[in-house]
Amino acid sequence: MRLDIYSAQRNTEKLLKYVKDLADTRPNLYEKSKDRLRDVASTCGQVISIIAEILQDEVLVDDGAEFGGGSGDLNSVLTIMQTQLDQLKAFAGVNTVQEENSQAKSKSSNRNRSQILRDYRLCLSKLSTIDSGYACVDECARLLWRWFDTRFLRLASNSKFKYNMKRFPIWIRDIVMMYGASLHDGSQVVFMQEFQTWLNSISSDPKARDRYAIPFNIYQFNRSPLSSQATLEAAVIWDMLVSFGLSEICREDDEFYLNDGSVYDMCDNLNPSSLDYYQDYLTHPEVFDHLGWRLQGGVI
């Protein structure tokens, strides 16, 4: 990928040099040459638009901008790119109909955004009230709702916090993965305390409120997951959460919604042996015996 990017960068620099030379010499261009130049401008406009979308995702997600990096430079780049894109549109002759279609698409996207937020809110709120029979599953369900309600409902509207809804499925998957890992290694209480401390911090600290979507340990897991963090506990908890209602926001081939097999797949990729004793808990309840879980009434 690096070689491709470097090659693209070199070719872009060559194109820039060519058009600079063209601007300096101001030759008389035939009509076909002008048409080709407009085509080049149109292509450049598409390139800028796509790169802007990629960079915008980087600004909106909980990546380096949140944990040590700065989004200021990217925001400046996006502003410049938008200005250049508007100029290119005018030069390439983008018509009013295209602009109107673009605006209509933007309004549609905003409506979809509201619907997506509503879907997650209703599902996770309902999920937090389940009584699965197993304390850890219910606790994980409540944690997901507490996180979502605090971060995206109660605090987001009163801050400069920006986020990409395409990350919802990843964040939820990773929280369940890390909760399962804490259950596996006996650090569940510490994990829950640290998560609550983080929720308290974004509630009380305006700077944290404007930046963070997830706790740092969840972010670290997403960046550099360890094989030891792939556990049978996470896979079974996820299956149970899906059965008890998380399925309502699981939609195949929709990047804004969950994949009902995402935790199993991640465990299988990171540490296949973690699934040696995996079975569908509905048809093989003996998986609970292997995990050492007992029915609610005693904390697991």
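Predicted model: local features only at pLDDT ≥ 70, side-chain atom pairs only at ≥ 80, totals over all residues.
Me: Which residues does valine 236 touch, not counting residues up to four places away in sequence?
Reply: Residues are numbered from 1 along each chain as its sequence is written, and side-chain values use heavy atoms, with hydrogens and water left out. Valine 236 lies in helix α10, where helices (H or I, at least four residues) and strands (E, at least two) are DSSP runs numbered from the N terminus. With contact meaning heavy atoms within 4.5 Å, and residues up to four places away in sequence not counted, valine 236 touches Val287, Phe288, Leu291 and Trp293.

Me: Is valine 236 buried or exposed?
Reply: Buried means under 20% relative accessible area, exposed means over 50%, and partly exposed lies in between, using a 1.4 Å probe and protein chains only. Valine 236 has 1% relative accessibility, so this residue of the chain counts as buried.

Me: How far apart in space are valine 236 and valine 137, C-alpha to C-alpha?
Reply: In sequence, valine 236 and valine 137 are 99 residues apart. In space, their C-alpha atoms are separated by 8.9 Å.

Me: What is the mean pLDDT of the chain?
Reply: A pLDDT of 70 or more is reached by 73% of the residues. Over residues 57-64 the pLDDT is below 50, though beyond near neighbours in sequence this stretch has 25 contacts in the model. Residues 104-109 are also below 50, and beyond near neighbours that stretch has zero contacts in the model. For the chain, the mean is 82.

Me: At roughly what angle do the axes of α6 and α10 cross?
Reply: Axes are lines fitted to C-alpha atoms, for helices over the stretch in contact, and angles run from 0 to 180 degrees between N-to-C directions. Helix α6 covers residues 168-185 and helix α10 covers residues 232-243, and their axes come within 8 Å. The two helices are therefore oblique to each other, given that angles under 35 degrees count as roughly parallel, over 145 as roughly antiparallel, 65 to 115 as roughly perpendicular and the rest as oblique. The crossing angle is roughly 130 degrees.

Me: Which residues in α10 does α6 meet?
Reply: From α6, the residues are Ile172, Arg173, Val176, Met177, Tyr179, Gly180, Leu183 and His184. The residues of this contact divide into nine nonpolar, two polar and two charged, where Ala, Val, Leu, Ile, Met, Phe, Trp, Tyr, Cys and Pro count as nonpolar, Asp, Glu, Lys and Arg as charged, and the others, Gly among them, as polar. From α10, they are Glu233, Ala234, Ile237, Trp238 and Leu241.

Me: Which residues of α9 make the contact with α6?
Reply: The axes of α6 and helix α9 (residues 216-223) come within 10 Å and cross at roughly 100 degrees. That makes α6 roughly perpendicular to α9. On the α6 side are Ile170, Arg173, Asp174, Ile175, Met177 and Met178. On the α9 side are Asn217, Ile218, Phe221 and Asn222.

Me: How many nonpolar residues does the contact of α5 with α6 have?
Reply: The axes of α5 and α6 come within 11 Å and cross at roughly 140 degrees. Among the residues that make the contact are Trp147 and Phe148 of α5 and Trp171 and Ile172 of α6. By class, this contact has no polar and one charged residue, and its nonpolar residues number 14.

Me: Which residues does aspartate 131 touch, not counting residues up to four places away in sequence?
Reply: Aspartate 131 is found in the loop between α4 (96-127) and α5, and at 61% relative accessibility it counts as exposed. Leaving out residues up to four places away in sequence, aspartate 131 touches Asp138, Phe244 and Gln296.

Me: What is phi of aspartate 253 near?
Reply: Aspartate 253 is found in the loop between α10 and α11 (262-270), and is exposed, with a relative accessible area of 78%. Most residues other than glycine have a negative phi. Aspartate 253 is a residue other than glycine with a positive value, near 60 degrees.

Definitions and conventions: pLDDT = per-residue confidence, 0-100.
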